[in-house]
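Here is a short briefing on a predicted model. Have the sequence and the 3D view open as you read.

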Amino acid sequence: MPLQKISEFDTDYRDAIQGNDIKGMDVYVQGTDEKIGTVSDAVVDEQGAFRYLIVDLGLWIFGKKVLLPVGKSRIDSRANRVYAVGITKQQAENLPEYQEHTALDYDYEEQVRGGYRTPSGGSSAAVASTDGRTAPTYDRNNYTYANDADLYDVNTHEDQTFKLYEERLVANKQRRKTGEVTIGKHVETETVRVSVPVERERVVIERVTPQDAGKVVSAETANFGEGEVARIELYEEVADVQKEAFVREEVRVQKVVDKETVEVQETIRREELDVDAEGRTIEEKTGKLPKDRI
């Protein structure tokens, strides 16, 4: 039966007790005005039921904290006090000390319960043996808090106030990665052909018979000689192909958010009040609790 502090069991526990907090309440010996310490925290079981109050006994035993079973306490919310029922200073000195790292397991609880049990059989968890000492009728495998009803039953004292807890769903969202898209680019090559019209010059030599063929010319006119008569330069065009880069298209990458509403179903628990009057008439008042009650 794992135990934990009330704030670890329910971070919003103050909402369940109308905004009040048992932490910080002064602790007095029942029937007196003797203050013995302060409640520093509360311990609940896995069902959320109060099992212990962590009491700082600074006014009795400096620097010592102990566990006070809820059945040994009487809470007066209007006076903002907790009364310890039937506890003595000697008894408190013999109780095991509670520290922040203390493991709240069965063995530690047994030490606590042993400090509150009385030899007279005040606890239903023990019976008298043949040698006069008490012998437990349970072990760690079959023990329940009902075995020590006087330690954990708040109904054994008058004017007790206890809470009915209810679970509620608190919807939160968690962001998680569902995938990854990698966008890059690569180069593909291809061979293309382009037609380029070019021009090439050539010389055409044509021999023709002039109209005055055979006509006699003077010796001065006739120019006999050897060597170059004319020079003609020939040109041709060749294909000059170069490559140039240009923007073909633009790719834009962005994220868009698709919204949807999902429904989550869960089972929650709620404590209801059970009243066993054993045939007696009781008066039950309904309505919102006063703000000064927890």
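Buried means under 20% relative accessible area, exposed over 50%, and partly exposed in between (1.4 Å probe, protein chains only). The model is predicted: local features need pLDDT of at least 70, side-chain atom pairs count only at pLDDT 80 or more, and totals for chains, interfaces and linings use all residues. Residues are numbered from 1 along each chain as its sequence is written, and side-chain values use heavy atoms, with hydrogens and water left out.

- Leu53 has contacts (heavy atoms within 4.5 Å) beyond its neighbours within four places in sequence, among them Ile22, Val39, Val66, Leu67 and Val82.
- In soluble globular proteins, nonpolar side chains tend to be buried together.

**Overall fold**
- The protein has five helices and nine strands. These are DSSP runs numbered from the N terminus: helices are H or I with at least four residues, strands E with at least two.
- Buried residues make up 26% of the 294 residues.
- Of the contacts with a separation of 6 or more, 62% are between residues 24 or more positions apart.
- The accessible surface (Shrake-Rupley method, 1.4 Å probe) comes to about 24,200 Å², and 47% of that belongs to carbon and sulfur atoms.

**Arg51**
- Arg51 sits in strand β4. It counts as buried because its relative accessibility is 15%.
- Its side chain makes a polar contact of 3.0 Å with that of Asp45. A polar contact is a pair of N or O atoms within 3.5 Å; within protein, one must be able to donate a hydrogen and the other to accept it, and residues adjacent in sequence count only if both atoms are side-chain atoms.
- Leaving aside neighbours within four places in sequence, Arg51 also touches residues including Leu3, Tyr145 and Tyr152.

**Asp107**
- Asp107 belongs to helix α4 (residues 106-116).
- Its relative accessibility is 38%, so Asp107 counts as partly exposed.

**Val251**
- Val251 lies in the segment after α5 (149-152).
- Val251 counts as exposed because its relative accessibility is 62%.
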